[in-house]
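Please keep the sequence and the coordinates open while reading.

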Amino acid sequence: MLGGLSEKLRGALDRFTRGGADRQEVEDLVREIQRSLIAADVDVELVFALSENIKKRAFEQVPAGLTRREHIVKVVYDELTAVLGAEKSAVSLKPKKILLAGLYGSGKTTTAAKLARFYQKKGLRTALVCCDTVRPAAFEQLKQLAERIDAEFYGEKGEKDSLIVLKNAVKKVRADVIIVDSSGRNALDDSLIEEIKALDSFLNPDERILVIPGDIGQAAKQQASAFAGALRITNVIVTKLDATAKGGGALTACHSTGAKVVFITVGETPEDLQEYDPKKFVARLLGFPDLETLLEKAKTVVDEEKAKKVVSGDFTIEEFYEQIESVQKMGPLSQVMDMMGLGSMRAKVPGGLDVQEAKMKKWGHIIKSMTREEKSNPDTINPSRVHRIAVGSGTDESDVRELLSSYGKIKKMMKKMSPGKLKRSGLFRKFGFR
Ligand SMILES: Nc1nc2c(ncn2[C@@H]2O[C@H](COP(=O)(O)OP(=O)(O)OP(=O)(O)O)[C@@H](O)[C@H]2O)c(=O)[nH]1
Ligand SMILES: [Mg+2]
C-alpha cells in the first residue's frame, strides 16, 4: 500500500534492527525515513520536525524492559502515528443521513457504495441517493452500484435541480441510512458551494463527509481547509490509497488541518473500505515483524514504577499481589518477565511457562484469601492462619507456605541485588518455579 512508502520504511527499519543502535545508525535511519516520507509527499517541515523528535527521543532513557533498539523502533512508531492522525476517530454507528462532498473525481460515488456496504454489514438498511445532477452518467453509475450491493436507490434521471431530487428522496426512501452522493467540480467554486449548502441545510445530515483523493498528496491540506470553511465537515475519507505514492502526504495533511480521517479506501470494489486507525495503519506500514510484541511490551512497561518496586525489593505482599493480578489480567507470565527486564531468561525456566502460570494463579487466590493485616505483616501468619488461608483459597497449606517463603526470599534477595546481578541469578528457581 501507499506505493512503496511501506517498503521503504520497512527496509530502513530492517537495516537498523540488524545493526547496533549508535548515533550514526540512528542518523542513517532518520535520513532514510525522511527520504521515504518526502517521496510520499509529506510536508517537508513536518518531516524535519518528526526527524528531530526521533533523534531527541532515541537517546533518552530507555524504559525498563526494552532494549535501546526496541525503544528507537517504538519512538519511530510513535512519531509516525502522531503525524498520521494519533488517535482513531469514532465512526458513527447509526447515522441516519450522510452527505458526501468532494471535488471532481475524488471518489464520492464509489465511496457512497462502500459506505453503504459498511453499514449493511452492521445490519442497517441503506439507501443511495443520487444528487449529482451535473454529470450525466452519475445516475447510472450509482444505480448500478446500488444494485450490486442490494441497496435501495433513489435518483431522477433528467432532473437538474439536486434539491428537488433530495426532497423527493427523503419522502420516498425507507432505509435506515440515507447516503447522499453529490456532484463534483473542478474547483471549489461558488456554484458548488451554493448547491452543497442547499442540500446540507435541507437534509440536516448527521455526517458531512469530505472525500479526498489520496493521490493529491499534501494538497489535501488546502482541500480539507477550504471545505471545512464552507461546510461543517464532520469526517474525511481518503480514497485511492492503493493506487498512489502520495497517500502519506494526504493523510498527514488532513491530520494537520484537524480533519478527522475515519475511513480510507484501497480499491474500486464496494468492499474496499477500511476504518482508519492510525496506530494499526502505522504498524502495518512498518510491518516490523515484532512490532506488536514490542508494543505490548512497551505497554507493560507503563507499570514500570510498580515493577521497579518489585525489582528493588521494596514492596509489600499487597504490591506483590497487585503485580500478580495485573500479570493475570495481561495474560501469559512471559510478560511479567519482560516487565522485570528478564525476558531473555524465559527459555531457561525449567518446567515451561504453563507450570509457572498455574502457580501464579494459585498465588493470586491465596493472597486474595489473606486479611488486610496478614497482607501487610506476613510475618504474623502462624500455622493456624496458614490452614485457614489454604481452605479459603482452595489450595494446599504447602502452597501457602511456599508463597510466603518465596515472597520473603525474593524480597531479601532483591534488596541485595543489582539489576545486572538479578538477571544472572537464576532468580526464578528461587522464586519457586521449578
Ligand atoms: N484504485 C482505486 N480507485 C478508486 C478508489 N476510489 C475510487 N476510485 C476510482 O476513481 C474514479 C472516480 O471515482 P468516483 O467514485 O466516480 O468519483 P466521484 O468523486 O464520484 O467523481 P465525480 O462524480 O465525477 O466527481 C473511479 O474510476 C473509481 O473507480 C480507490 O480506493 N482505489
Ligand atoms: Mg460521482
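## The shell around the ligand

A residue is counted as near a molecule if one of its heavy atoms lies within 4 Å of it. The model shown here is predicted, and in it 20 residues stand around ligand 1, of which Thr109, Thr110, Asp242, Thr265 and Glu268 come nearest.

## Polar contacts of the ligand

Ser106 contributes a polar backbone atom, which is 3.1 Å from an oxygen atom of ligand 1. Taken alone, ligand 1 exposes 650 Å², and the protein buries 82% of that.

## Helix α4

Helix α4 covers residues 68-84, and its 17 residues, at 1.5 Å a residue, should span 24 Å, which agrees with the 24 Å between its end C-alpha atoms. The helix is mostly covered, with 12 of its 17 residues buried; among them are the nonpolar side chains of Ile72, Val73, Val75 and Val76, and the charged residues Lys74 and Glu79 are buried as well. Just after α4, Gly85 takes a positive phi of about 135°.

## The loop at Asn377

Asn377 lies in the loop between α17 (372-376) and α18 (383-393), and with a relative accessible area of 37% this residue is partly exposed. Asn377 and Ile317 are 60 residues apart in sequence, and their C-alpha atoms are 8.3 Å apart in space.

## Cysteines

A disulfide is a covalent bond between the sulfur atoms of two cysteines. How many disulfides does the structure hold? The structure holds 0 disulfides. For Cys131, the closest cysteine sulfur is that of Cys130, at 6.9 Å, which is too far for a bond, because a disulfide requires a pair of cysteine sulfur atoms within 2.5 Å.

Cys131 counts as buried, at 0% relative accessibility, and Cys254 is likewise buried, with a relative accessible area of 0%.

Key. Residues are numbered from 1 along each chain as its sequence is written. Chains are lettered from A and ligands numbered from 1 in the order in which they are written. This is a predicted model: local features need pLDDT of at least 70, side-chain atom pairs count only at pLDDT 80 or more; totals for chains, interfaces and linings use all residues. Side-chain values use heavy atoms; hydrogens and water are left out. Buried means under 20% relative accessible area, exposed over 50%, partly exposed in between (1.4 Å probe, protein chains only). Helices (H or I, at least four residues) and strands (E, at least two) are DSSP runs, numbered from the N terminus. A polar contact is a pair of N or O atoms within 3.5 Å; within protein, one must be able to donate a hydrogen and the other to accept it, and residues adjacent in sequence count only if both atoms are side-chain atoms. Accessible areas come from the Shrake-Rupley method with a 1.4 Å probe; for residues, only the protein chains shown count as cover. The expected span of a helix is 1.5 Å times one less than its number of residues.
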